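Subject: Structure handover

Hello,

Here is the structure for your work. My notes on it follow below.

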Amino acid sequence: MKTLYFTATGNSLAVAKKIGGETISIAQAIRNNQYEFEDNVIGLVFPTYCCYPPKIIRDFIERAKLKADYLFAVATYGNAMGKGGDGSEMLAFDKITKAAGYHFNYLNAILMVDNFIDNFDINKEVEKISSKKIDESLAAVIGDINQRKDYVKDPGTFGKIITRMCKGLVKSQDTGLSAQKFIISDACNGCGTCAKVCPYKNITMKDGGPQFGTNCLSCYGCIHNCPQTAIHKKGEKSGKRWRNHNVSLKEIIDANNQC
Ligand SMILES: Cc1cc2nc3c(=O)[nH]c(=O)nc-3n(C[C@H](O)[C@H](O)[C@H](O)COP(=O)(O)O)c2cc1C
């Protein structure tokens, strides 16, 4: 089994590690121009951005050649937006993968900590961890995959409406300009961690601090993984940052580093 993942703050990597098999970073696969994968089982694990799979996943799927008897994808997400609203990212994923000629046997989503600081305070998100029953959901997903279950999570009518409403936000994210709203505080000591966790090589270190380019994925990896908490987003709801407790900074750097 091969489990391909993208992560910015560790939730998706924590899930990929638990699912098991050979875990492969999609950011590094792209860097190495590696798009062909073959195994009896291949899976993708990734976060949800505005009810859609991240651009890095959408672009990867368009170029990838995945050969497997059983294909699965698991999205991680932070907040169910209403009854049946979760799993909405799988609508787009289903469409994209079908257009690319794939039949994914299993599409599911796991509710985790929401790292979208525009809307959510990480302190409150951390308090919600036990009520989200993450371990239980993950165990159920792993059981399904081990049994090679066929299943596509239905986001329900509300989820479908929300997904349609999010289209504009996704378009705006896809411009690559999100980092224009990032602010660097005096706490920055020029360590360069932000550049190393950026999957799109959008950050260069200049004059002892980061400079953002015009190809931002909006993953917030730089914001959450800055050891000095020196990167902020205009209007953020939280000064606290998140990295999944089962994932180290080194693992995120190894997964995303393009320097
Ligand atoms: C730009 C952005 C948009 C997001 N949009 C959604 C969303 O539409 N729905 C949701 O439930 N979570 C959303 N999230 C939260 C992440 O999907 C969630 O925290 C995910 O588990 C992070 O995965 P990672 O730790 O592997 O990077 C968003 C996060 C970011 C940074």
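Into which domains is the protein chain divided? The model is predicted, and its chain splits into domain 1 (2-173) and domain 2 (178-256). Their C-alpha centres lie 22 Å apart. Domain 1 puts 26 residues into the contact and domain 2 puts in 24 residues. On the side of domain 1 that touches domain 2, the elements giving two or more residues are H1, H2, helix H3 (55-63) and helix H5 (122-127). That side of domain 1 is made up of 12 nonpolar, 10 polar and 4 charged residues.

Next, the ligand. Both domain 1 and domain 2 give residues to the shell around the ligand, so the ligand lies between them. There are 24 residues around the ligand, and those that come nearest are Asn11, Ser12, Pro47, Thr76 and Tyr77. By class, the shell holds 11 nonpolar, 12 polar and 1 charged residues. Helix H1 (11-19) and strand S6 (70-77) each supply at least two residues of this shell.

H1 deserves a separate entry. 7 of the 9 residues of H1 are buried, so this helix is largely enclosed by the rest of the structure. The buried ones are Asn11, Ser12, Leu13, Ala14, Val15, Ala16 and Ile19. After H1 comes Gly20, which has a positive phi, near 95°.

On the strands, S4 (residues 41-47) has 6 of its 7 residues buried, so S4 too is largely enclosed by the rest of the structure. S4 pairs with two strands discussed here. Strand S1 (residues 2-5) runs parallel to S4 and is joined to it by 4 bridges, with Lys2 opposite Ile42 in S4. S6 also pairs with S4 in the parallel sense, over 7 bridges, and in that pairing Leu44 stands opposite Ala73 in S6.

Last, helix H10 (residues 249-256). Which residues of H10 are buried? They are Ile252, Ala255 and Asn256. These three cover an arc of only 80° around the axis, which puts them on the same side of H10. As a general point, an α-helix has 3.6 residues a turn, so residues three or four places apart point the same way. The cover over the buried residues of H10 includes H1, strand S2 (22-25), helix H2 (26-31), helix H8 (193-197) and helix H9 (221-225).

Regards

Technical notes
Residues numbered from 1 in each chain as written. Predicted model: local features only at pLDDT ≥ 70, side-chain atom pairs only at ≥ 80, totals over all residues. Near = placed C-beta within 6 Å. Nonpolar A, V, L, I, M, F, W, Y, C, P; charged D, E, K, R; others polar. Domains from an automatic or database assignment. Buried ≥ 20, exposed ≤ 12 C-beta atoms within 10 Å, placed from the backbone. Arc of directions from axis to C-beta. Contact = placed C-beta atoms within 7 Å. Pairing = 2+ DSSP bridges.
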